[in-house]
Amino acid sequence: MKKKVVVYKKLAPSLIAELESRFDVTAFDGVNDGNRAAFMAALAEAEGMVGASVKFDAAMLAKAGKLRIASTISVGFDTFDTAFLRQRGIVLTHTPGVLTETVADTVFALILATARRVVELAELVKAGRWERSIGPDLFGTDVHDKTIGFLGMGRIGAAVARRARLGFGMKVIYHDLHAAPSVEADFAAVRLPIERVLAEADFVCALLPLLPSTEKLVDAAAFARMKRSAFFINGSRGRVVDEAALIEALRAGTIAGAGLDVFEKEPLPAASPLLSMPNVVALPHIGSATHETRAAMAETAVADLIAGLEGRKPAHLVDESVWQARYADAGGMA
Ligand SMILES: NC(=O)C1=CN([C@@H]2O[C@H](COP(=O)(O)OP(=O)(O)OC[C@H]3O[C@@H](n4cnc5c(N)ncnc54)[C@H](OP(=O)(O)O)[C@@H]3O)[C@@H](O)[C@H]2O)C=CC1
Ligand SMILES: O=CC(=O)O
């Protein structure tokens with residue numbers, strides 16, 4: 001009998017066909033109130049699942065009694081209760097690498113758009129309010145030759161640092177748990193305590209995973225340390241920031257502006273004060289959202305799911321020890 005697999009995000013027909021040639025597939029285009037019961041029924045029988053943007057807490061995962069591998073079409077895996085997965089021996093895979101350059105482009109777009117007031121001024125033109133040459137009240141701030149400070153210097157941080165240093169001549173400083181020797185050698189990056197990164201950067205970029213240790217890491221005290229002329233850029237997860245403190249810092253002029261791809265609650269509620277602030281550029285979590293990259297992410301996630309269910313080690317394990325403990329000696333899941 002074929003193994004059962006649940007797909008919970010719309011995939012290209014070719015990927016669905018690839019899965020269907022091997023497994024008994026039940027596919028959903030997202031999970032919502034209308035299809036939740038059917039999704040949970042399919043999940044209860046599934047040995048594998050692939051998708052994105054659904055939160056899997058312990059209560060939900062407890063109902064997936066036969067599940068052996070979950071493959072998320074994202075690099076972040078904060079939507080999963082990883083302690084529960086580990087305890088149950090459920091393997092989790094993700095999609096690092098294939099999206100790095102695209103997300104770095106998005107982060108740099110936010111830096112430029114925020115500093116140069118691109119959205120605010122484009123809206124002025126579209127509204128027919130470009131009546132005379134723009135004056136100092138609408139001037140922006142230079143990006144080139146400034147200091148960029150990273151909170152988290154991983155794959156995406158390094159790709160943004162390359163753009164900043166080689167493209168814009170920026171000074172690169174960063175805070176991370178570990179040193180990043182190649183970024184230091186290639187882009188003259190300097191690792192500093194978080195307090196100094198916050199105080200010295202003209203652009204503070206959060207590129208951290210959401211973990212208990214990073215939740216609300218950027219709080220009121222962090223904004224108070226930043227220059228009043230500095231911009232805060234968030235390309236990681238909304239919850240690494242205390243959003244109420246961010247709103248207050250923007251209101252009070254503690255910082256100059258913010259470029260945000262991610263929010264505490266997504267989609268961002270229409271009533272959010274962030275939406276009425278001209279010094280905020282807000283994007284709908286589009287870090288990796290290009291045709292090419294989303295296709296590559298889906299292919300990566302499907303390939304890892306197939307590998308795992310066919311007894312081969314998936315290439316992008318979140319926690320290798322889960323695979324080692326449960327499947328390595330047995331020659332895989334097959
Ligand atoms: N906006 C979007 O659409 C996207 C958002 N993301 C988000 O970006 C995040 C980063 O992605 P990526 O660069 O690939 O991930 P990486 O794991 O390569 O980079 C994260 C870096 O943060 C460091 N870090 C972890 N905890 C802390 C801490 N408490 N203090 C300082 N540094 C810390 C990590 O160090 P160490 O390795 O030592 O743990 C690592 O160097 C993802 O987790 C995801 O949430 C990703 C893709 C798209
Ligand atoms: O937010 C996107 C991701 O890949 O993580």
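The model is predicted, and the chain in it is divided into domain 1 (4-98 + 291-328) and domain 2 (100-282).

**The chain as a whole**

- The chain has 13 helices and 12 strands, and its radius of gyration is 22 Å, close to the 20 Å that the globule rule gives for 334 residues, so the chain is as compact as a globular protein of that length.
- Taken along its principal axes, the C-alpha trace of the chain spans about 70 × 45 × 35 Å.

**Inside the sheet**

- Strand 10 (residues 231-234) pairs with strand 11 (residues 257-260) over 4 bridges, and the sense of this pairing is parallel.
- To follow the pairing at the level of residues, one can look at Phe232, whose bridge partner in strand 11 is Ala258.

**The two domains**

- The centres of domain 1 and domain 2, taken over C-alpha atoms, are separated by 32 Å.
- Where the domains touch, 5 residues of domain 1 are in contact with 6 residues of domain 2, and on the domain 1 side these residues divide into 1 nonpolar, 3 polar and 1 charged.

**What the UniProt record lists**

- UniProt, in an unreviewed entry, gives residues 5-318 the annotation "domain: D-isomer specific 2-hydroxyacid dehydrogenase catalytic"; in the model, this span is 38% helix and 14% strand, with its end C-alpha atoms 20 Å apart.
- For residues 108-287, UniProt lists "domain: D-isomer specific 2-hydroxyacid dehydrogenase NAD-binding", again from an unreviewed entry; here the model shows 34% helix and 15% strand, and the end C-alpha atoms lie 10 Å apart.

**Surroundings of ligand 1**

- Ligand 1 is surrounded by 30 residues, of which the closest are Gly76, Gly152, Gly154, Pro209 and Gly287.
- Sorted by class, this shell around ligand 1 holds 13 nonpolar, 13 polar and 4 charged residues.
- Helix 7 (residues 155-168) gives the largest share of the shell around ligand 1, namely 3 residues.
- Because domain 1 (4-98 + 291-328) and domain 2 (100-282) both give residues to the shell, ligand 1 lies between them.

**Surroundings of ligand 2**

- The residues that surround ligand 2 are Ser74, Val75, Gly76, Leu99, Gly287 and Ser288.
- By class, the shell around ligand 2 divides into 2 nonpolar and 4 polar residues, with no charged residues.

**Backbone details**

- Most residues other than glycine have a negative phi, and most peptide bonds are trans, which is the background for the two cases that follow.
- The peptide bond from Glu266 to Pro267 is cis, with omega near -5°, and Pro267 is found in the loop between strand 11 and strand 12.
- Ser53, a residue other than glycine, has a positive phi, with a value near 65°, and Ser53 lies in the loop that runs between strand 3 (48-51) and helix 3 (58-62).

Definitions and conventions
Residues numbered from 1 in each chain as written. Chains lettered and ligands numbered in written order. Predicted model: local features only at pLDDT ≥ 70, side-chain atom pairs only at ≥ 80, totals over all residues. Pairing = 2+ DSSP bridges. Helix = DSSP H or I, 4+ residues; strand = E, 2+ residues; numbered from the N terminus. Near = placed C-beta within 6 Å. Nonpolar A, V, L, I, M, F, W, Y, C, P; charged D, E, K, R; others polar. Domains from an automatic or database assignment. Contact = placed C-beta atoms within 7 Å. UniProt positions renumbered as here; feature names shortened; annotations may be inferred. Rg over C-alpha atoms; globule rule 2.2 N^0.38 Å.
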